[in-house]
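Here are my notes on side-chain contacts, as promised. Have the model open while you go through them.

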Amino acid sequence: MLRVCSFGNVVLDFASAAPSVVKSIRQRDLLNTWLRLYARQDIAPAIWDYQPARLEEEQSDLIYYAVDNSAALPRLIIQSEGTRISHAYGHTGKGVPLDEYIGPGLVPLVMPVYHECVARGLPVYSVANVDDVYGRVVAYERLLLPFLTDGKVCHVIGSLKTFCEDGGFEIRNLMRGNDALPRPKLCAVIDRDLFHRVPGRIAAADVVDFADQRGEAAEIIELN
């Protein structure tokens, strides 16, 4: 299913996707931890329950947001931000609403992705191409994870990754270094296959066949 979201003159198409849409291994690890918590009650978890392994290694690429739900359109307030993200935008923004931090030129391209995450209470993944100051194309991969408090999405954690097929690139002022706006390549709500099974484990009610090596009839055991 494709959902269309418009903001001003910009229209973004949000595809329905499974967790496999996320390509970064580190972002998949963050998502898998979220999915394990989600699977307990089929709702987004509370942020204090979210404790992925090696989280400290990801801090430079993470931004934490508080969601202000008092207005018709939620506002996201930056609580902290990774150093790489500060370099990409040219300055820090702790305590500043996201829409003010990124500026009016980027609002139509960025804010609908966050609003979709808050409205759906589900992870949202997006990819856009950005040109650095030397004209090299950089893929900007964003994973947003929502967290509930009293039935509302009150926190969002964003993981932002950058990748250039040509190798090195200049991250400083990446989002502000030239007049060219980011070019959206993918916007997806992760709303399918919302579970995570640890590799090598057998889930309850799975059926396992044990075949005798001499070709005799197989014994079927159901795990409950």
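1. Start with helix 1 (residues 25-41): Trp34 and Tyr38 both sit in it, four residues apart, or about one turn of the helix. Keep in mind that this is a predicted model. Both Trp34 and Tyr38 are buried. Their ring centres are 5.1 Å apart with the planes at 20°, so the pair counts as stacked. The structure has three aromatic pairs.

2. Tyr65 and Tyr114 make an edge-to-face pair, because their planes are at 75°, with ring centres 5.2 Å apart. Tyr65 is in strand 3 (residues 62-68) and Tyr114 in helix 5 (residues 107-120), so this contact ties together parts 49 residues apart in sequence. Tyr65 is buried at 2% relative accessibility, and Tyr114 is buried with a relative accessible area of 2%.

3. On to charges: there are 12 salt bridges. Lys161 pairs with Asp61, with the closest N and O atoms 3.0 Å apart. Lys161 belongs to strand 7 (residues 152-163) and Asp61 to the loop between helix 2 (55-58) and strand 3, so the bridge ties together parts 100 residues apart in sequence. Lys161 is buried at 14% relative accessible area, as is Asp61 at 9%.

4. Have a look at Arg120 and Asp191 too, whose side chains meet in a salt bridge (3.3 Å, N to O). Arg120 is in helix 5 and Asp191 in the loop between strand 8 (183-190) and strand 9 (207-210), so parts 71 residues apart in sequence are tied together. Arg120 is partly exposed at 34% relative accessible area, and Asp191 is partly exposed at 27%.

5. Finally, salt bridges with shared partners link Arg26, Asp29, Arg54, Glu57, Glu58, Asp61 and Lys161 into one network.

Key:
Residues are numbered from 1 along each chain as its sequence is written. This is a predicted model: local features need pLDDT of at least 70, side-chain atom pairs count only at pLDDT 80 or more; totals for chains, interfaces and linings use all residues. Side-chain values use heavy atoms; hydrogens and water are left out. Rings of Phe, Tyr and Trp (its six-membered ring) pair if their centres lie within 6.5 Å; planes under 30 degrees apart count as stacked, over 60 as edge-to-face and the rest as tilted. Helices (H or I, at least four residues) and strands (E, at least two) are DSSP runs, numbered from the N terminus. Buried means under 20% relative accessible area, exposed over 50%, partly exposed in between (1.4 Å probe, protein chains only). A salt bridge is a side-chain nitrogen of Lys or Arg within 4 Å of a carboxyl oxygen of Asp or Glu.
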